[in-house]
Every structure is written in structure tokens, then in C-alpha cells.
Amino acid sequence: MGGIIICGKMCSLGTEVRLTAISVIVQAAVWLLLMRGGVNAARHMEYNTTSHPVQHQINAHLVCHTHDDVGWLKTVDQYYVGSNNSIQVAAVQYILDSVLKSLLQNCDRKFMYVEQAFFQRWWREQNHHMQSLVRRLVDRGQLEFLNGGWCMHDEASTHYVDMVDQTTLGHRYIKSQFDAVPRIGWQIDPFGHSSVQASLLSAEAGLDAVFFARADYQDIENRRKQKSMEVIWRGSKSLGATAQTFAGILHHHYDPPKGFNFEINSKDPPLQDDPELFDYNVQERVDLFVEKVLEQASQFRTNHVMLTMGEDFTYGNANTWFKQLDKLIHYVNLDGRVNVFYSSPSSYVDAKNAANVSWPLKTDDYFPHANSPHSYWTGYFASRTALKGYVRSLSGYLQAARQLEFLLGRHQSGTTQPLEEALAIAQHHDAVSGTEKQHVANDFAKRLAIGEAEAEKVVSMALLELLALQDQTDGRRTMLEGSVRGRSDSGGGGIPLLPVVCQCRLLNITYCPVTEAKILKETAIVIILYNPLAWHRTEVVRFPVTSTDVHVEDLHGIEVLSQMVPVEVEEEALREFHAEAYTGAKLHRRDPLFELVFEAQVPPLGVATYFVDHPTNPSDRASVSAMEQLDTNASASGIVDVGNDYVRVSIANDTGRLQRITELKSGLSVELKNSFLWYNGSTGNTVEEPGQASGAYIFRPNGSAALPVGGENASVKTTIVRGPIVTEIRQRFSSWVSQVMRIYRGKEHVEVEYTVGPIPIDDGLGKEAITRFSTGLASNKTFYTDSNGRDMIRRVINYRPTWDLNVTEPVAGNYYPVNSAIYLGNGNADFSILVDRALGGASLTDGELELMLHRRLLVDDRRGVGECLNETVCAGSVCRGLTVRGKLYLNLNPSGAAARWRRTEAQKLYSPLLPGFLIADSDIVGQLKASAGPLARGFSALASEDGTVHEFPCNVALMTLQGLPKRKVLLRLAHLYEVDEDAENSNCTIIDISPIVRNRQGTANVKWMHETTLTANQVKRGRRTLSWRVEGEEGGTPMTVRRGGGGEETFAKKGNKKYDFRMELCPMEIRSFEMKLKHRPLAERR
Ligand SMILES: [Zn+2]
């Protein structure tokens, strides 16, 4: 049975199939007529492809797939339509056209599709008839979605919120179009695999397993011997067995067995089964195939093996694959030594599960990845750190914009959707990873910028609405809209425009046209700040101004302490160049430039408003900081101390270099030295592994030692700027490296803003720039790095937890991805660094941490991208090597207290205050200040009607608050601590979310609510999960894990549902809820 005609009859897939079947019959008849009286009789073969797994045989699961990067050598659109083929012949639209046709021809055939960023493009182009045929293919399991996210995300440079978001986007799309739920994680190409992928993006996302191709070559060698390519992976020690997944390394990358690539241009021989033609090869092909299957089976447990039949962008002509595979199945099964059939990873996992054997346990991660002794894929942790920074800043921005979109309703003027989609593809393993061609990186950035511009409209409208919230009833809102003057980012010089809240997204280069304009008499800069965290917070706000004759007031007209920080000449040059490069604006500033700094207090999920204008009394002016340049040339020794009530750093007077950090509450004090260095990237001119250069993927320093920028222990030009809110230590290490260390009032950390670039290459040497902090702490070779911003993973120098490491690259082999934090300690003290974007980090010596900040390399590393990583930026006709600016946050704390700082600050860093700036007339300012309504109190979505603001406890974050169509809401709460991480905070906590969902009367505005899996495509309660036997746990799982309760329907009587809005969260738990509101949230409160 099987074959084209039979299947058409059996499957009844619809008219098209029946027509296909009839037309084949007609064609066959015509062929017979033509051949009547000819030399040969017609030869029609029917291939039996109906086979299924059988119990006592080796079962070979053929998994037909295509790996379609959503941008790599070509852009996502070019890959979809098939343009720019001179770079790479790849066209996803034809792959899907072709595959679907082949599936309809034989109902035994199966195909896996992954990237929804592509699939939804194709789906939109199909007519209803085709869509209904495809739905039936999905129902029948012939077309199965793996992963199901918008892309196959990277696992090293991605933040867990982004991973969850992009997967949710795809999962909900599949649910809406097919009512289907992906079962299998398919991370076949990413270059290393994270613990969070196992715990959150597999188990918690409702997937039964995850498969991937890349793992360390030494690890794989051992695993093959031990038959441990497939494991039970518990990525989170806090979630333990409650978030475990079956995880498998694929046998032969994600390719077919050698010799069985059936792409149309493949050199592998087709299965030629016509004895009347030359080169008949059935037995030969069957023998080789059986040999491959048996070889694979010898390295895997159970009698089931999975063969991945596909490669990058294959199946443009699906017929060449399926026609050959039909024959292969037919003849191999006739042979009988192994049993082969069309299958899917989900069927494969079910078969593995049914075998009921024990599996090895894996609790660490698969970083770093090396595919040979000198090919460590640890360079990409820090490739394109500017793009990585952009992605991270927009990630937090999207969450804030979504909250505002939910709280204030959708506006016609903008939506967060383009940013959501742009961020989704930016998580791809050749996007944020930095391993794409330059034009593709530009394309990702362009999409992000378009998304950002759309989301900015949402935020601007929401902030304006919050300003005018109080006034809808008395009509003053209209007046406000008519009177408030904004100035667009392109300048405008005070011309009245529609009210625009400018967001000044280039504050990192001290650029904000609206605040830099002259403040006219009778006007003020209004600063409205939104706090996306569910905690009260006090943060420093800073933006450029051109006059020192200003002061800051709050809504009550009370003077707010402020400080004017002078901007240096070097900074002005940098901002002028980049303002032109990024906005086209040519700055011709004549007035001196300062940064105005003040402390703002903002309620949780709320706003606060501040005003900057000319003071009536000159003594009320913001204080201008004192500047003191260290005379580093002098022989004067001694130490300069800089600090606040919590932290102090000591600077050597003679060199300007950092010497020590002291935590004042406990009196802890350790040596702290800091230097910038660079590794000379290998060009591959080596005896071992010649040709293996350091490049976009690979980190291969040319020798172990990094070279100091500006010379070993050389004096650093240092200026100290002191003031009541912030003290800055400005250090210039060389023409291309500088940094500013800032200690803010009330903060326990030192903020370090580094500026690296343009990295000089006139000496012909590729450079990988790092910053290194040496503490002298006896860290016993141990340090910790985060997994995608979630669990902290223990790292040991030159060591892997599951095999004896042969150290071949002592630097590159100790680098790990750092998305949020890296720290080390000696048991008493922890020295921690938080980062503002994904970087690579390592500890190579006890007490030392280093982070790679920027890379500029002159040779390609031969992993396919075909370009060297040499980023430039142009303003007009002037192009330079790219300069990267980012922030690190340093903290010394007693070991027991450090986690609290890391978790809280990381959250603040991910979700900074969102400022809006506009210019308003003084009468409007007066009216705003006189307002006694909710605005004056400061709006908070967590306030009750009586004004009480219910902030979340410090161990729980509001991860997602997203309005969905039809008044639905997606809410996620995340516990921020691991078990045993902090004495107070590593406990289960109850959160009451009712303020977010109540109505004016204080009762719940919720029609229905249910807890879902992490990606909100299935109800959590009653969801089936596979149980697995684990080696060494025959007596049962040793660890009990507590999971939170609550958040459920408490009383269900027809039409009278009640819910418990108190939700409990336990360590590292994320809980997701979908609810439907009766009315819009904030509209109710007006
Ligand atoms: Zn790929």
C-alpha cells in the first residue's frame, strides 16, 4: 500500500488531492496508449511507505525538515522571497509551496516546520482552499511545527524575557490558526545551549523535549561511548524535576546520514531502481543506509533512532527528497534488517518514553561550545555588542510600552506589534548573536528602529494621557492638548506643535533636543517618568541642558535637589558625530552643555512628574559640580577616596587608577584594580588548526596574554567631578578607551560607563577589547554567570562538570555568556558585576573577572558568514570603526547579601524609568501643580481607590502585562530568586494582583481567568507531561520542589465566577495567566 494513487483514495484530503489522483490515472492511461506497440511495457512502481515502529527491530525515524535562518547571509525578506541569490540560493516561499504539495501527494509523508516568522508570511498568501488543506495536514500530523517560535533563538546572547516573548508570539499564532500546540523544542543550530532553554523554554513552555546538534566535541565523544547523547535535563536547581525535559544531541549534526542528501543539486546518488537503466543500485544504497542506521543505533539507547533528513534551506524542490525517501523506505523495509518510516520528533520521543528505560541526568548547561581543540564558539558572546545593547534596551522598552498600551488602551496612532515582531526575529541565532553579514545586521537594526518608532507613539500618547488623566471631565484636557508645546527630535526651536512627548532615546550620547533648547521665560520642561516595575523606586534622571540658570521642582512645587554636571569636550565631539550618524542632525551648539541630574521618586507601575525652569531666586539654581583633575604626572603618592554612605572606591593619586573598593555598612574592603586590555585575534596563521582565525563566532586569541591598552600600569588621565547627587571619576586610558565611574547618592554600587572604539586596526591587528577587574579574593577557581538572566550557573576554571576537560584554549575555553551578572567570592564577600547587554565573560585567575566589550577583527573565521567582523559607522562621508558605549555595575557585598543587590538591580537595569520630555507654558505647569487629583498623588496601577499603593515584594517581578485582542490580558509573574540564594527572599511569596484588575468599585474586572503554560497556548491545569526514569533515582526523585498555588477559580456557579487573585510564587517560578476583562482597565477608573 502507499504511493500516490492509493494515498489519494485513502486520505480523502480534499478536491485537490482527488484531482491529483484522477489526473495521475489519466496521465497513466495516456502513457499506456502511447506505449502500446512500443518496445517497452509501462513500468509503474508503487512504493510502500506505510510502515510504523515495530517492537523488536531497530526503528529509524525519518524526520524531514529544513533549517531556515530568519536572516544570516541574506535578510529575512530576501530569504523568504528568494532574492539576492548571488549570496546564497535560498527561497523559503518555494520550500513551503513545494513541501505542501508533496505532503498532499502521499499521506504517509511528514514534514517539520519551525520558523513562524517565515511560515506566517506564506500562510497569509494562501487562499481559503489551500489553508483548509494545510489545516488538515496539521491535524493529521503530516505537517508538524517544532519550536513554534518566530525564530530559532540564540541561547547565549538572549534574555529570558525575549526568549519567552518570541516563543509566545509563534505559539499563540499556531494556536490561533491551527488550534495546535508544538510539542518539541528544535534548537538544532544554536552554538551552545542554556539551562534556561531546558527549564523555561522547554518544560515550562509545554514542550516534551528539546533536540540540538551542537555540543562540545569532547563532550560528544564521551557521550557517544556512554550512550548518553540523550538525557533528562534539569536546567534549574530551583525547579528541579518539575521543569525537566528530555534532551537529545542529534547524531549527525542536523544533516541526513552521509550519502543520503536528496536535495536537487546533491552529489549523493539517487536510488536507481529501474533494472532496465544503467547504474541500478538498490542493494548498494540499502546496504549503506542500514550500515548508517546500525552505527547510530550502537550509540543510542532503545531501538529507536532519529535521522534528520534536511539541511539549511533544503526542500526548495521537495519532490526530490520525498520521491527518494519513498523508495528508500520501500526497499529498506523489504530488506528487513531495520525498520524505517516517515516520523516526527514527537513520535520519536513517545517511542523513547514508551521504552521505559533509565536516562542519564544533566543539570549543568552546554556552554561553551567547541567543535575542535582551537575552535571555541565563545567569540559571538561579544560580537556586535552595540546591536546586543540595542536589542536589550528595546526589550525592556517593549515591556513598558505594553504595560502602557494595556493600561490606557490601544491608540490608532501606534502599536507595540512591530517592535514585538522585530525583537522576535532579533533573537534568532544569527541576529543578536552577531554572526550575520553586515547588511543583515543593518536590516535587523532597521526593523528594530521601525518598531521602536511605532512603540514610541504608544508611549507618547500614554504619557500625555496620564498627564491629562485628571482633566477629562472638566474639559481641561482639551486645553492642555492645545497649550502644551513639544519639540520634535529634529529640532523645531520652540515652534508650537501638536503635543509631543519626546523620549530622547539617544541620551546615552547626551543628546536630547527638547531639553537642550533654550528655556524661555514662562515655560518649563515637563519630565514625566513612567516606572514599569511593580516596586517604588528612587532613581537618578539625567539629561542635557544648556543653561545653568535652572532648577527642578516636583508637582507640589517643592524644590528637588539637583546637580549640573559639565560635559567634556571629548564627549561633545562623540555626540556630534553620532547624532549626525543616527539622526542626520548637524549640531552647532554654542552654549555650554551640562547634564542636569536629579533624583526622582516614582510609584510602582506609575508616573511622577517634575518641572525644570528658571528659578525666581538665583540661590535656588542647581549646583554646578566641582571638577578636579588628578595631577597624575606629579610624584605625589596617596589615595583619593570617592564614595557615598554605602560604597567607596579609592584611586591612586599618581596613576589615576582604581585601587580598592569598600562596602561601608559591613566594613568589607578589598583590593580592586581595573584595566582595559585587548586580545590579538588569531588570523589562523598557526601550526595547529591552521586557518582557524578569531571571528564572528570563534574566539581564538593569538597567544594567551591580553595586552594592556595604553601600557601596563600607565597613568590614566583622570578627572573627578563631585556633587551632591553623583560623583564621577572620568578616566581616559587611550585615544580609544575611556570610562566614567559614577557613585550616586543612595546606591550601593559603582556604575561604570565605558566607551570603547574606534578600535584601531592601522597596525593590521584584529583586537578584542576587554575590561578586567582584579580583587585579590580567593575565589577557588570558581565564578558564576547567569543563564539568560535567570539562574546563576557555577563555573570553574578549566573544568567541566561532566567530563575531564582537555584544556587546549586556556582563555577562550573559559569564556561564558553573561546576560545579566557575573560574580565571584571567597565565602565572605562577593564581588559582582551586572551588565546592560549580553557580553562574554570569564575568570581566568582567582579573584579576577573580565568581560569582553567590543571586537574588531580582520579575518573571517570560516563558519559561513564569509565576512570579517569589522563594524563601522558613518556620519555623512566620514566613516570610522564603531564605538561601543555600555554600562557595568560593580558591587561588593557580604556573600549573604549580594544576591539581593544583584536581583534587585538587574531588574531595575532591565526596566529603567521611561522618561518623556515636553515644553509647557507656565500656566499649564501651574495647573498641573495645582491639581489635586490622582495625577498629583502620582498615578499607579497598583493604587487602590483610597490611594494606597500596593507594591510587589522585592522577590517578585511583574514580567508581562500585555493587552491582547478582545479585552484579553496576559499576565506573568516571576520569582527572582533561586532556592538557597538569599535567606529572606528565596521563599514562596503571595502577590495580590487585584489592584491591576479591579474596577472603580474595587471589585474584579475579570470575566474569566486561567493559568497557562509559559507561552500561553495551553491551560496549565491537567496538561499531560511525560514522566521519565532517571539513572540513580530508581527509588524516586530525591528533591521535592514546592510550586506556588492560588490564582485559581474559587467558586464557579453559573454566571458568578470568583477568582483568587492572590498568587503564590516559589523560587525561580514564573506563572502565566490569561484573563478576559469585562471592561478596559483604566477606562473604568475615570
Ligand atoms: Zn541557523
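**Entry 1: Gln503**

I looked up Gln503 and found it in the loop between α16 (476-483) and α17 (513-516). Helices here are DSSP runs of H or I with at least four residues, strands are runs of E with at least two, and both are numbered from the N terminus. The model is a predicted one: local features need pLDDT of at least 70, side-chain atom pairs count only at pLDDT 80 or more, and totals for chains, interfaces and linings use all residues. Residues are numbered from 1 along each chain as its sequence is written, and side-chain values use heavy atoms, with hydrogens and water left out.

Is Gln503 buried or exposed? Gln503 is buried, because its relative accessibility is 4%. Buried means under 20% relative accessible area, exposed means over 50%, and partly exposed lies in between (1.4 Å probe, protein chains only).

I then checked the polar contacts of Gln503. Its side chain reaches the backbone oxygen of Glu456 at 2.9 Å. The side chains of Gln503 and Ser460 are joined by a polar contact of 2.9 Å. A polar contact is a pair of N or O atoms within 3.5 Å; within protein, one must be able to donate a hydrogen and the other to accept it, and residues adjacent in sequence count only if both atoms are side-chain atoms. Leaving aside neighbours within four places in sequence, Gln503 is in contact (heavy atoms within 4.5 Å) with residues including Tyr397, Val459, Leu914 and Phe917.

**Entry 2: the zinc ion**

Which residues coordinate the zinc ion? I found His67 (NE2), Asp69 (OD), Asp189 (OD) and His429 (NE2), at 2.0 to 2.1 Å. Asp189 lies in the loop between β4 (184-186) and α8 (195-204), and His429 in the loop between α14 (417-426) and α15 (438-468), so this pair ties together parts 240 residues apart in sequence. Both Asp189 and His429 are buried. Donors are N, O and S atoms within 2.8 Å of the metal (3.2 Å for Na, K and Ca); water is not among the atoms, so sites may look incomplete. Along the chain, the donors follow the spacing H-x1-D-x119-D-x239-H.

The four donor atoms subtend 91 to 161°, so the arrangement is irregular. Four donors count as tetrahedral if all angles lie between 85 and 135 degrees; four count as square planar and six as octahedral if opposite donors are over 155 degrees apart and all others between 65 and 115; anything else is irregular.

**Entry 3: salt bridges**

How many salt bridges does the structure hold? I read 62. A salt bridge is a side-chain nitrogen of Lys or Arg within 4 Å of a carboxyl oxygen of Asp or Glu.

I picked out Asp77 and Arg121, whose closest N and O atoms are 2.4 Å apart. Asp77 is in helix α3 (residues 76-81) and Arg121 in helix α5 (residues 116-124), 44 residues apart. Asp77 is partly exposed at 34%, whereas Arg121 is buried at 15%.

Next came Asp830 and Arg902, a salt bridge of 3.2 Å, N to O. Asp830 sits in strand β39 (residues 829-835) and Arg902 in helix α19 (residues 895-910), 72 residues apart. Asp830 is buried at 7%, and Arg902 is buried at 5%.

**Entry 4: helix α11**

I looked at helix α11 (residues 318-335) last. Its 18 residues should span 26 Å at 1.5 Å a residue, and its end C-alpha atoms are 26 Å apart, which agrees. The expected span is 1.5 Å times one less than the number of residues. In α11, 13 of the 18 residues are buried. Just after α11, Gly336 takes a positive phi of about 90°.
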